[in-house]
Amino acid sequence: MADTQQVDARAERKVARLAREISTFAKAHGGAEAQVAHIGERGARIVLVGEDGGWGDLVAPSTEIAEKAVEKSGITVHESFDGEFAAKVKTGPYEWKRMAGIQIGG
C-alpha cells in the first residue's frame, strides 16, 4: 500500500507542476486554451494556444495526469485541434522556415 501512496504523491506533484506551467503560459499570453493528445508510451501532449496566438506544448507522463493538470489550471480544453481553435495559432518566420526545412530535408 505504501508504494501506491508514493506513486499517487508523485503523480500529484507532477499535476501541480504542470498546472503551474500552464497557468504561467496563460498569464503571459492573455489567457489560453488547450488540447490533450495521447502520444503512446511517452504519455500525453498538452498543446497550449494563448489568446494572443502564441503557442507551446508540454508533455505529461500519462493522459490522466495531463487532463488533471489542465483541469487544475482552469483553462478551456478542446477535444481536438481543429477549426476555430487551430485558427487561433499565429506562426512566424521561424515556424515557416522550420516547416520548409523539414519538407526539403533540412
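Me: Let's start with the E2 and E3 hairpin: how many residues lie between the two strands, and which glycine in the turn has a positive phi?

Reply: E2 and E3 have four residues between them, and the turn holds glycine 53, with a positive phi of about 95°. The labels come from DSSP runs, numbered from the N terminus: helices are H or I, at least four residues, and strands are E, at least two. Keep in mind that this is a predicted model, where local features need pLDDT of at least 70 and side-chain atom pairs count only at pLDDT 80 or more, while totals for chains, interfaces and linings use all residues. Residues are numbered from 1 along each chain as its sequence is written, and side-chain values use heavy atoms, with hydrogens and water left out.

Me: How do I read the pairing, and how many bridges join E2 to strand E3?

Reply: Two strands pair if DSSP finds at least two bridges between them. Here six bridges join E2 to E3 (residues 55-60), and the two run antiparallel. Leucine 48 sits opposite glycine 56 in E3.

Me: And what about strand E1: how many bridges join it to E2?

Reply: Seven, with E1 (residues 32-38) also running antiparallel to E2. Histidine 38 faces alanine 44 across that pair. This hairpin has five residues between its strands, and glycine 40 in the turn has a positive phi of about 85°.

Me: Why is E2 said to be largely enclosed?

Reply: Go by accessibility: buried means under 20% relative accessible area, exposed over 50%, partly exposed in between (1.4 Å probe, protein chains only). Six of the seven residues of E2 (residues 44-50) are buried, so the rest of the structure largely encloses the strand.

Me: Last one: which residues of H2 are buried?

Reply: Ile65, Ala66, Ala69, Val70 and Ser73. Taking the directions from the helix axis to the C-beta atoms, the buried residues of H2 fall within an arc of 130°, so they line one face of the helix. Glu64, Glu71 and Lys72, on the other side of H2, are exposed.
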